[in-house]
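Here is a short briefing to read alongside the structure. Take a look at the view first, and then we can walk through the main features together.

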2 protein chains.
Amino acid sequence: MEIIKPRTLSGFMELLPDKQQRFETMAEILRRTYASYGFAPLDTPAIEDAQILLAKGGGETEKQIYRFQKGDSDLALRFDLTVPLAKYVALHYSELAFPFRRFQISKVYRGERAQRGRFREFYQADIDIIGDGKLDILNEAEIPAIIYKVFRGFGLTRFQIHVNNRKILNGFYAMLGLTEKSGDIMRTVDKLDKIGADKVKIILLEDCGLSEEQAEDILKFIAIRGTNAQVISALEGYAGKNEMFDQGLSELKAVTVNLAAFGVPEENFAVDLTIARGLDYYTGTVYETTLLDHPEIGSVCSGGRYDNLAGYYIDKALPGVGISIGLTRLFYVLDEQGLLNPALPSAPADALVLPMTESPAEAIALAEKLRSAGLRVQLYGEQKKFKQKMAYANKLAVPFAVLLGEDEINEGVCSVKNMVTGEQLKLTAEDAAAHIKASLNTDCPVILET
Amino acid sequence: MEIIKPRTLSGFMELLPDKQQRFETMAEILRRTYASYGFAPLDTPAIEDAQILLAKGGGETEKQIYRFQKGDSDLALRFDLTVPLAKYVALHYSELAFPFRRFQISKVYRGERAQRGRFREFYQADIDIIGDGKLDILNEAEIPAIIYKVFRGFGLTRFQIHVNNRKILNGFYAMLGLTEKSGDIMRTVDKLDKIGADKVKIILLEDCGLSEEQAEDILKFIAIRGTNAQVISALEGYAGKNEMFDQGLSELKAVTVNLAAFGVPEENFAVDLTIARGLDYYTGTVYETTLLDHPEIGSVCSGGRYDNLAGYYIDKALPGVGISIGLTRLFYVLDEQGLLNPALPSAPADALVLPMTESPAEAIALAEKLRSAGLRVQLYGEQKKFKQKMAYANKLAVPFAVLLGEDEINEGVCSVKNMVTGEQLKLTAEDAAAHIKASLNTDCPVILET
């Protein structure tokens, strides 16, 4: 037979089993955390009518999209999960209960130039809460709690959720008479971390055409730092001059006041007046999340409040708030930085059962008993030497091997070998299950406690 | 803004939230059951190099495939999970531990003519065990146990796993001197259930050109029925005449002898000499699974033993055994037949927390407490009348509403309302969590006990 050399396309992540197991556990943590906040799972097609997917049209998106004909149909692969959500909500509007809370963890496709850490197929893990006409600010206040739970679930502690409110920014620029220039200013201010305050000022003066006084006012404003209480206190100094600013400040207070009740520690949260995000789309609270020891990675979880989810598809005001995690890129980066939680299981099984007798019947029954106790158990049936069996257990990195020979069967026990410490104990099936579970320290086998 | 009418492409399943929740729970049951047998999760790209995907080439597949250019690349969407597995194992051969056990639950794409119950995008839920050179028969014996656990997990009892062995068939036809015609004969015999023995005989005589005696021998053979012991006893009558037959019989015995140890009841299992499956591919044990009350649906879980997984990609003997469930079609059929397990949760949350005070702080803390007890909890923040809040709870079909007003806060309790019975109890947060969990009858919130 002629052999075709196998390969995987560049820009497409394909993991070896140990890494894939960790990736799956992270996906499971996301599903579990999102579900724990009452978000419904959603799954939309990866292929949509290209005309519908590109309703918003425009530039980069259209160039990157995978678009093709099949028969008479003009088709395209989704490039994010927001456009399919908008389509879904518009299409099923009359059948949904609002607020509609959904999560979706799915692959999206962008034919970008392949480069290290950039993927053409990647998972997004999104949540959105959609209101019909109105949506209470409490939903915006809840989002940091969900982000916090997710990243703690991933085993991370050194991260910070940055929050701002677009109404505060828009109101402030209106006070300075700079509404027309607010887009340019926000884009400039966004570079503060990278280029420093002096260069920001030069751009504001020279490129944006601001006066010395206006530029100074802006630099003073975005320099506001401190605890939530300190930042809000500083912002109170600007209150009473612009209605939109006051509304934004009131929303920011509502988002920060209940952080303790939501279980979010102050050190994982910061009001950050420099962030703005998608200039056309977001209208209120905006979120970014950074890893404190790796600022170069940028935001790993972003989103915000918007007023018009589905205007291209339906004549209804559908405000919402949502966040998105680029899971494939996050996994790649955490792996590269050695930040993958070592507690994430990498083996395909918690125990490998090795029958040491001619008939495997007792070993089969033992494996079934361990499974009904909630363990992931592989039964090893190959006719190999003992040394080769242990080499296989080591290669899989299973934490336990369970040996069952004539002696064990006669004694009503099995031999449980800890593959890390080498410790070997003779235990009944029940005690073996309890012993292994205790060492895994979790009730749900593939799920970490969050 | 001009409005584009939203639609979802025909042949693409898109579910409303209550149905999607049930679908997700079935996917979770599959993941959990497959993982409990030590299968590693695998996730390959949906897009592959078309040349590689079509290495085997040929007919129907090539017509149905979604194939397109992007830049200079000739790309295609996967049409099953077996070809990507073959590619994966060949590509990563030196890095894998064999036997390599993987499960994959992913969407595949076939541009078939859309018709009721046929999908162009659908989930397959596959497991395979791949050996390097050899693979013990115990792996084939384990497969019915996994099928049994999956379908019981789905809440079904009236199903039967049909097992046969291709070596028995090939050996038997060799005994009759019909090796050359065995393909035609198997295709004819496969129609037995649909057209009856008389018509099968006519085709065997007229189209296949068999003698009266040969046709009678075949009809007598495929009429063998009964318990596993009875069928095997009848097959023993043919033993000793053909080496391949004897090997197949020995394998069939190995697959059936340990069913009790694997926990598979006799009534859910049957040796069925009429099934053969994919004529070119399978070489040993073959499996089909039918719903006893809906034979018209055909097999809902099929697979078998093969000798050469990846011959197109690598010069290695890679035998394996695997099964596939067409999850999207199965879900569609179960839903249509009213066979979806009513215990599958359809609500996005186990409890809806309704703050009845000005500040939501206490309600937020209560919701967090219920979540840390493992419940899925939605906090409802909209400023609506009580009646509207309850209407929302009813529309979501959440099993419990949890009310928290001044009275409850002062008493240190919350009011837990069972939305089905109307029963309302004042309970502490801890007791409320226990009460709700007890009614859900499961430790893992979105997962049924299997």
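What distance separates the centres of domain 1 of chain A and domain 3 of chain A? Taken over C-alpha atoms, those two centres lie 41 Å apart. Please keep in mind that this is a predicted model.

**Overall build of chain A**

- Chain A has 450 residues, and 48% of them count as buried.
- Along the principal axes, the C-alpha atoms of chain A fill a box of roughly 90 × 60 × 45 Å.
- You will find 16 helices and 16 strands in chain A.
- Among contacts in chain A with a separation of 6 or more, 69% come from residues 24 or more positions apart.

**Domains of chain A**

- Domain 1 is made of two stretches, 12–155 and 293–346.
- Domain 2 covers 159–268, and domain 3 covers 351–440.

**A helix pair to look at in chain A**

- Helix H7 (residues 182–189) of chain A packs with helix H8 (residues 192–206) of chain A at an angle of about 140°, and their axes are 8 Å apart.
- That angle makes H7(A) oblique to H8(A), because an angle has to be over 145 degrees to count as roughly antiparallel.
- On the H7(A) side, the contact is made by Ile185(A), Thr188(A) and Val189(A).
- H8(A) contributes Leu192(A), Val200(A), Ile203(A) and Leu204(A) to this contact.
- By residue type, the contact of H7(A) with H8(A) divides into 6 nonpolar, 1 polar and no charged.

**Where chains A and B meet**

- The contact takes 82 residues from chain A and 81 residues from chain B.
- Helix H1 (residues 17–36) of chain B gives the largest share of the side of chain B that touches chain A, with 6 residues.
- That side of chain B is made up of 44 nonpolar, 16 polar and 21 charged residues.
- The copies meet through the same surface, because 100% of the interface residues of chain B are also interface residues in chain A.

**How the two copies are related**

How values were computed:
Residues numbered from 1 in each chain as written. Chains lettered and ligands numbered in written order. Predicted model: local features only at pLDDT ≥ 70, side-chain atom pairs only at ≥ 80, totals over all residues. Contact = placed C-beta atoms within 7 Å. Helix = DSSP H or I, 4+ residues; strand = E, 2+ residues; numbered from the N terminus. Nonpolar A, V, L, I, M, F, W, Y, C, P; charged D, E, K, R; others polar. Axes fitted to C-alpha atoms, helices over the stretch in contact; angles between N-to-C directions. Parallel < 35°, antiparallel > 145°, perpendicular 65-115°, else oblique. Buried ≥ 20, exposed ≤ 12 C-beta atoms within 10 Å, placed from the backbone. Domains from an automatic or database assignment.
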